[in-house]
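Have a go at each task before you read its solution.

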Amino acid sequence: MSGPAAQVALRQEPRPKYLALMLIGAQRTLAYPRTVLLSLVTNTVWLALSYHLWRAVFEGTSRMGEFDWTRMRTYLLIAQSANLLINASSSVHRMLRLIRTGDIAIELLRPYDILASQLAFSAGAALVEGALGVLVATGLGLTLLDVLPAASPAAAVFFLVSLVLGFLVRFLVGLITSLLCLWTKHWLGLHWMQATLVSVFSGALVPLDLYPDWLRSLSLVLPFQGIIHTPLSIYLGDLQGLSLLQALGLQALWVVALWGLARALWSPGQRALDIQGG
């Protein structure tokens, strides 16, 4: 078959189902521009508050650990912009809504894996919000904050790789939290708990390098550090060579481990959902 007929047939071929779900996730995000704008404004306000707080700190000292004021404001901007990409709260809320309303029973009838579908939806939403994060970082970095560029072209490339792995870790932490609601029925406490753990141990609030030695050591063995700390350490040039590869390997290892944990929770969780009546 060739010519126009072949082109028509090609256009009619269905997209791979998870790619289609990812596109639906992006379209759903774009369908609610006020929600996206609110998320953008919230992150920008938080960035402004963090900026002025740390500027006040550095008025009394020229350095804190490895951080001077230029390095710190670079960290703040990149971390807050990255949050728009890696924040998987939409996936948590979607899964929670399915569980609370009983609509998860309908999802189980659909011809796809429900856990993989949540990842596809979240990836689509992250593409939209991540693009906004890039625009914010570029605009503020070039006009107001005078941030540092990546330590090297290689650091920029590995930073993007680490950022994708960080998104997967963040998504899986949220997914596991939502799956626990199959047993608890109540989600607010679990949501607050995981939000606190992520904020403290990822480096989103304070760089892990500024923590006391015992707390920093604890943070570096938990999966949360792969969400913000590892990508930012690569961007700033703190991780190079073998240590960089080891950090990426640790992120990938946590992705595999957390995915396995989510799978392990899902099978008995379905039985718990049946006991609760859907």
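Helices (H or I, at least four residues) and strands (E, at least two) are DSSP runs, numbered from the N terminus. The model is predicted, so local features need pLDDT of at least 70 and side-chain atom pairs pLDDT 80 or more, while totals for chains, interfaces and linings use all residues. Residues are numbered from 1 along each chain as its sequence is written, and side-chain values use heavy atoms, with hydrogens and water left out.

**Exercise 1. The overall make-up**

Task: Find how many helices and strands the protein has, and what percentage of its residues is buried.

Solution: 
- Step 1. The secondary structure comes to 12 helices and 0 strands.
- Step 2. Buried means under 20% relative accessible area, exposed over 50%, and partly exposed in between (1.4 Å probe, protein chains only). By that rule, 44% of the 278 residues are buried.

**Exercise 2. The second largest pocket**

Task: Work out which helix gives the largest share of the lining of the second largest pocket, and how the lining divides by class.

Solution: 
- Step 1. Start with the terms. On a 1 Å grid over the protein atoms alone, a pocket is an open set of points where a 1.4 Å probe fits, with protein on both sides within 12 Å along at least five of seven lines; lining residues have an atom within 4 Å of a point. Grid points are joined across faces, edges and corners, and the volume is the space filled by probe spheres set on the points.
- Step 2. The second largest pocket holds about 550 Å³ of space.
- Step 3. Its lining has 25 residues, and Val 134, Ala 137, Phe 159, Leu 160 and Leu 163 are the ones nearest the centre.
- Step 4. At least two lining residues come from each of α4, α7 and α8. The largest share, 11 residues, belongs to α7.
- Step 5. For the classes, Ala, Val, Leu, Ile, Met, Phe, Trp, Tyr, Cys and Pro count as nonpolar, Asp, Glu, Lys and Arg as charged, and the others, Gly among them, as polar. The lining then has 20 nonpolar, 5 polar and no charged residues.

**Exercise 3. The largest nonpolar core**

Task: Identify the members of the largest nonpolar core that touch the most other members, and the helix with the largest share of this core.

Solution: 
- Step 1. A nonpolar core is a set of buried Ala, Val, Leu, Ile, Met, Phe, Trp, Tyr and Cys residues joined through side-chain atoms within 4.5 Å.
- Step 2. The largest one has 59 residues, and those touching the most other members are Met 95, Leu 115, Leu 175, Leu 179, Ile 228 and Trp 266.
- Step 3. Several helices supply at least two residues each, including α3 (33-58), α4 (69-86), α7 (114-145), α8 (153-184) and α12 (241-276). The largest share, 12 residues, comes from α8.
- Step 4. Now look at a contact across the chain: Ala 79 and Ile 228 are 149 residues apart in sequence, yet their C-alpha atoms are 6.5 Å apart in space. Ala 79 lies in helix α4 and is buried, with a relative accessible area of 2%.

**Exercise 4. An aromatic cluster**

Task: Which residues do ring pairs link into a cluster?

Solution: 
- Step 1. Rings of Phe, Tyr and Trp (its six-membered ring) pair if their centres lie within 6.5 Å; planes under 30 degrees apart count as stacked, over 60 as edge-to-face and the rest as tilted. The whole structure has 6 such pairs.
- Step 2. Tyr 51 and Trp 69 form a tilted pair, at 5.2 Å centre to centre with 50° between the planes. Tyr 51 is in helix α3 and Trp 69 in helix α4, so this pair ties together parts 18 residues apart in sequence.
- Step 3. Trp 54 and Phe 58 have ring centres 6.4 Å apart and planes at 45°, so this pair is tilted. Both residues lie in helix α3, 4 residues apart, about one turn of the helix.
- Step 4. Check burial: Tyr 51 is buried at 17% relative accessible area, Trp 69 at 19%, Trp 54 at 10% and Phe 58 at 9%.
- Step 5. Ring pairs link Tyr 51, Trp 54, Phe 58 and Trp 69 into the cluster.
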